[in-house]
Amino acid sequence: MYSRWKRRAMGVALSAVMTLSSLQLAPVTVSAAETKELLHLTFDDETDGLKSNGYTAKIVGSGCEFREDDKYGKVLSLGGKGYLKVTDEDGNSPLNGLDKATVNYYSKPSSGVQKGWTLFAVRDDETPVYLDSEHYIGVMDLADSVTAERHLCEDGKARPAALKGSANGEWRMVTVVYEEGKTTLYINGKKVSEEASEYKLTDILKDNSAFNIGKANWAGGEYYSGKLEDYSVYAGALSDEEIAKLYVDGKNPTEKPTEDKPQKEEEEENEDPVLNFDFESSSDGKVTSLSGNYTASLEGNAKITEDGEKGNVLSLDGNSSYLELPKGFFDGRDVCTISFDMKPSTVAGNFFNFTVGLSNSKYYYLRSRSNSTYMGITTDSWENEQGLTVTTDNVAGTWNHYDVVFDKDEMLLYINGELKGTKDISITFADLGSDLISYLGKSFYSGDAYVKGLYDDFKVYNRALSEEEVAKNANRELPLLRKITADDVTFVTQKIDNEKKEVTLYYSIKNTTGDVSKAKLGFNLLKGAEVVGGVKDSYDLTKPFTITVANDEKEAAYSVSAVACNNPALGGQYADPDIDCFDGKYYIYPTTDGYSGWSGYQFKVFSSEDLVNWKDEGVILDLKQDEDSEETNENGVKIASVPWSNGSAWAPSIEEKDGRYYFYFCGHDTTTNAKAIGVASADSPVGPFTVNEKPLISIKTCNDAGISMGQAIDPSVFKDDDGSYWLSFGNGKAAIVKLNDDMTSIDASTMQNVTGLNEFRESLIITKRNGLYHYTWSCDDTGSENYHINYGTSEKLGGRVTFRETILQKDADNDILGTGHHSILNVPGTDNWYIAYARFMTPLGQISNGYGYHREVCIDKLSFDADGYMEKVQPTNEGITEAVPVNGFGNDDPSDPGETPGKNDPTGPSDPGEIPGNENTGNGAAETNVPKAPVNNVITGDNAVLCIGNKYTVDAGFKVKTFKVSDKKVLKVSKKGKVSVKKAGTVTITAKGTAGEEKTFSNIVVEKPVMKSITVKETDTVELSQMLSGITYAVPDGYKSSNSKVASIDEKGKIVIKGKGKTSITVTFGKKKFRKTLKVK
C-alpha cells in the first residue's frame, strides 16, 4: 500500500509551526503570520476523502466520480457538470480572514476543454460582472496552460495582468501563493510567473467568501473537466524551497508503485469456445456455460425470454438489469475472440453493450448506436481511450452478429461476419488489472444508461479467429474484393455491391492531388485472391473499367465506375462556412479546422465565380499575430492582427454596406478569459481588414442587456427589408441585436433572446423570403454524428419562433455525418437558394476521436415548397455539379436549365414561351393597356412591366404616407417608394398621401426572364424563343453574341448561325443581363 499522505511519508517539514493533523475535527483559526495546512482533501472516497480539519467538500451537480488512476491510485474525476463547494459546518470558506494563503494540488485536465476552474473563491458567492463587479481569486487549469487570476474590479476599473504558465497535458502539481502585495504561480515546484497586487485577499473576499473546486461563478459555470488529487490550502505563504520539496525530484511521493500485470495461466488453444452461453435456460438467477465450469448472474430484471426469430434469449429491460459474467475470466486474455448476437432497443446516448474492466478508469467496452458502433480500451478513463468507430446500417430492433478479436497489439471488429475496422492498441486486458469484471448491458459509469435489448449466443474463444472463421460462423461468404485504395486520389466513400459485382468510387475533386485519368489504385482482396492479369500501373477513373479477381475457388469480374464529388467544396479541413455573394463573386469565410480543442487562430477566405471552383484567397486575420506585425498572405494582402484575442478563431460572418465589408468573428478575449465576438472592416471582401480594438459583444454585454447566454459566439448578419442590419448569435441560448449605422457598434437596447428554437445549441441563421422570416439553427454537439439543423418561421423578427422540422441531418448510408453549422445563400436576382454547412471529414475512419474539429465544408441545393416553407435538404457527396454564375456577371444565368416561370406561381404569365417584339401582345388587349417598361425605372401610372433583377421606384406625385400592394409575395414598396421585386405576378399598388390624396397603379406586371443553353446543328434555324422564356410584355434593351463566327444576333433579336463552335448569347433588360450558351455542332 502506498502512502497517501505524501508530505509525512517523505518526512518533509513544511514549517516549524505546521502542527495540524488530519484528525482535527474543527476548523482552526490562525494568524496570517503562520503557515499551517488548513485543508487536505485526499479524494480517496466520498466520505473521508472529502473531509479535512472540520471542512467538507460537498459534491454539487453530476459527473463527480472517484476513479482508480495508474499513477496516483484513487483520484477525483470531474466531468464538466459538477464541482465541490468547500465550507465548515457554519458555512465558512477556508480562506476567510486570510491575507496570506497557499493553494496546492495535482491535476490532469481533459484535453480539448476551453475553460475550467480548479479554484474559484468569490465574495458573497456572487456572480461577477466583468470590470463592474469582480471580487474573486481563481485558477483556470487547462491541458496546455495554467492561469491564476486575482481581481478586484469595480466601475470599469481595468484588470491587473493574470499569471500564466504552460503545461503539457499530463499530471502536474499546481501551486499558487497569495501574499499581501503579490501572487506567485508554480508548476511542478518551479516558479513560472509572479505579479504584483494592490489588493489584499481580505479586500477582495471580505469575510464571507465561497470556495469552489471545479466551477466558476461566471455565467455558464466554466466547469473543470479532468482529474484532481491531494488538494491542500495553507494559511500563510509557502517558500520556494517548501514548494520544491512538495514536488520531490519531479515525482509525486504518493505515486502508486508499478504492479505486475496479471498473467494468464498456460491454457491450451481450443478450437471451440472456452465460454459459451446459449441462454436456453436459467436456474436460481444464473445461466451456465456450455463449456467450462462457469456461470453468469442475471441481475435486476434480466431474464430468459422467447424471441420469435432466435428462440430463447437473454432479455434486458433497460431498468438496472444486466448480466454479470464470471469475475476474473478475462484476466490476462490478451489474445481472444468475443462473439455474440444482439438486438438492441437502446441505440442513443451513453451506454455499454458489453464491457470488461475494473472501474470507470480501466475498461474495454463496445457500444452500438443506431448507425455507428464504437469500441475502446483505456487505463485512464474516457479521455484517453484507444478506440475505433465504424458506420453501420440502423441496428435498432434488428439482430446483428458481433465479433471482437484481440490479437495482442491489435483489436478488430466484425459485424455480421464483415470486417468493419481495425485498431492498433498499446493496452491489453492484462493492463486492466486482476479480477476483471464483465457485463452485458451495464456501464462502469454511474451516469450511463442500462441497455434495453436482447442477447444470444455469447461466446469467447481463447484465440484470435481468422477472418474466414468469423465469416463462416456468421454464415457469410467473404467477397473477393474488399476495398479499393489510391495513392493520389481521395475517395470520399465507395460502394461495393458484391451481388451485382459493381463498384462505385466517389472521389473528392478538391482533395485529390493526382490525375484521375491515371490513378494509381490498390486492391484490398480476400486472402489468397489476386487481380487476374496483375494490377495495372494506372487506371482511368473518367471511364468505367472492369477488373477480375480470383482465388483457388472462385472468380469474379467487377465493373468499376467513379463519381466526381464537389463535396467537400473546399480542399482541406474547414467548418462553420459563411457563404456570400458580392459584385459577381461568391465567397466562403470558414473556421480553419483540424486544431485540437477548436484552437485554430487564423481566418481565410475563398472565392468562386460559379459555386463549383473555389480559389484560396489567403489568410485575412491572425488572432495570435503580434499587433504591429506587417505579415502579408500569398496574394500580398496584409494579414490583420486582433489586439484583444489570442486564439479560438471560430464561425465568422460578413456583410457589405455602402461599398465596405464588415467581418464578424469569434475569438478568445484575453481580458475576460472568455469567448467574444469582434468586428473588422475592409474595402474589399478579401482585405486588408482593420480590426476594432475591443470586442463587439461579450458575456458582459449580454449580462448588461439582461438576456440569457451561454457563450457569446457564432455571429451571423441579417439585412431586413427596411435596410436595417441585425446580428444573431449565441451558444446555449440565441439572441439578436441591431447593428448601428456604423456596423461596428450595436444598439444594446434591441438585444433580445429568441425562443422556440427546439434543441438549440448554436449558430442561428435568419433569412427572409416573401415577407416570412426563416430561422435555422444547429442542434446537438458539433462532435456528434447527429449534429443537425432545425428550422422554424415567424412573421416578425425576434421573439418566439414556430418550430417546423429538422431540415438537414446525417446520411450514414453515404458516410455523411455531423451535418451542421451552416449559412444560406440566395443567388442575387433569382429565387435560387443554397446551403453551405460542415460535416465530418471524409473518408471516415481517418481518426477515432476529435470529430468536432476535423470537418469539411459542403454546399447543396435548398428549396421551398408551394406554401413557402423550406424543404428538407438531402446532403450529397456530389454537391453542386453545374456552374452557377452570378446573374449578369458570369457566362450563364443562374436559373436551372429549362426552368419555366410560373412554377408554384398561379399568378405568373400564362404563356412563358412567348417573346415580345411583335404586334401580338399575347392576350389581344388594346395597345393602350399593354404593360411597358417604365421610363428610367420609375413607375408613374398603370400598365408597367417590371423585370426581376432590376430596381424600381414608384412616384405618386405627392408626399406618400403609405403604399399598399395587393400581393406582397410579388413585390413590396417602401414608404420612400422603393420597390422590392420578389416573384412573377400581377399587382395593384395604392398610394395614400399625407394630405388624404390617393392614387392607384393598376396592372403592374412582374416578369422573370429565363435563359437556357441549347445545342443545334449548323443547318438549323434558331429562334430566340428557344433560349429565352418567361416574358410576355417585357422587351429586351439589347442583344449580344460573344462569338460572331459561330452565331450573330441583331438589334431585334434575330439569330443567324455562322459556323460550328460555342457562343454566349446575352439579352439585356434594363441593367440586368441574362446569358446562356449556344452550341453549334
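Trainee: How many of the ten residues of strand β10 (residues 145–154) are buried?

Mentor: Please keep in mind that this is a predicted model. Buried here means under 20% relative accessible area. By that cut-off strand β10 is mostly covered, and the number of its ten residues that are buried is nine.

Trainee: Which residue in β10 stands opposite Ile137?

Mentor: Strand β9 (residues 133–142) pairs with β10 in the antiparallel sense over ten bridges, and a hairpin of two residues joins β9 to β10. Within β10, the residue that stands opposite Ile137 is Arg150.

Trainee: Which residue in β11 is the bridge partner of Thr147?

Mentor: β10 also pairs with strand β11 (residues 163–166), again in the antiparallel sense, and this pairing runs over four bridges. In β11, the bridge partner of Thr147 is Lys164.

Trainee: Which residue in β42 stands opposite Thr591?

Mentor: Strand β41 (residues 585–592) and strand β42 (residues 602–608) run antiparallel and are joined by four bridges. Opposite Thr591, the residue in β42 is Phe603.

Trainee: Is Ala680 buried or exposed?

Mentor: Ala680 has its place in strand β47 (residues 674–682). Not counting residues up to four places away in sequence, Ala680 touches Tyr661, Tyr662, Phe663, Phe665, Phe689, Thr690 and Val691. Its relative accessibility is 1%, so Ala680 counts as buried.

Trainee: And what of Lys1045, is that residue buried or exposed?

Mentor: Lys1045 lies in the loop between β72 (1038–1041) and β73 (1047–1049). Leaving aside neighbours within four places in sequence, Lys1045 is in contact with Lys1058 and Gly1059. The cut-off for exposed is over 50%. Because its relative accessible area is 71%, Lys1045 is exposed.

Trainee: How many Å apart in space are Lys1045 and Gly214, C-alpha to C-alpha?

Mentor: To put that distance in context, the C-alpha atoms of the protein fill a box of roughly 105 × 85 × 55 Å, taken along the principal axes. Lys1045 and Gly214 are 831 residues apart in sequence, and their separation in space, C-alpha to C-alpha, is 77 Å.

Trainee: What radius of gyration does the protein have, beside that of a compact globule?

Mentor: For 1081 residues, a compact globule would have a radius of gyration near 31 Å, and the protein agrees with this, so the value to set beside it is 35 Å.

In the protein, residues 24 or more positions apart account for 59% of the contacts with a separation of 6 or more. Of the 1081 residues, the share that count as buried is 56%.

Trainee: How many strands does the protein have?

Mentor: We have looked at some of them, including β10, which pairs with β11 over four bridges, and β47, which holds Ala680. Over the protein, the elements comprise six helices, and the number of strands is 76.

Technical notes. Residues are numbered from 1 along each chain as its sequence is written. This is a predicted model: local features need pLDDT of at least 70, side-chain atom pairs count only at pLDDT 80 or more; totals for chains, interfaces and linings use all residues. Side-chain values use heavy atoms; hydrogens and water are left out. Buried means under 20% relative accessible area, exposed over 50%, partly exposed in between (1.4 Å probe, protein chains only). Two strands pair if DSSP finds at least two bridges between them. The radius of gyration is taken over C-alpha atoms; the globule rule is 2.2 Å times the number of residues to the power 0.38. Contact means heavy atoms within 4.5 Å.
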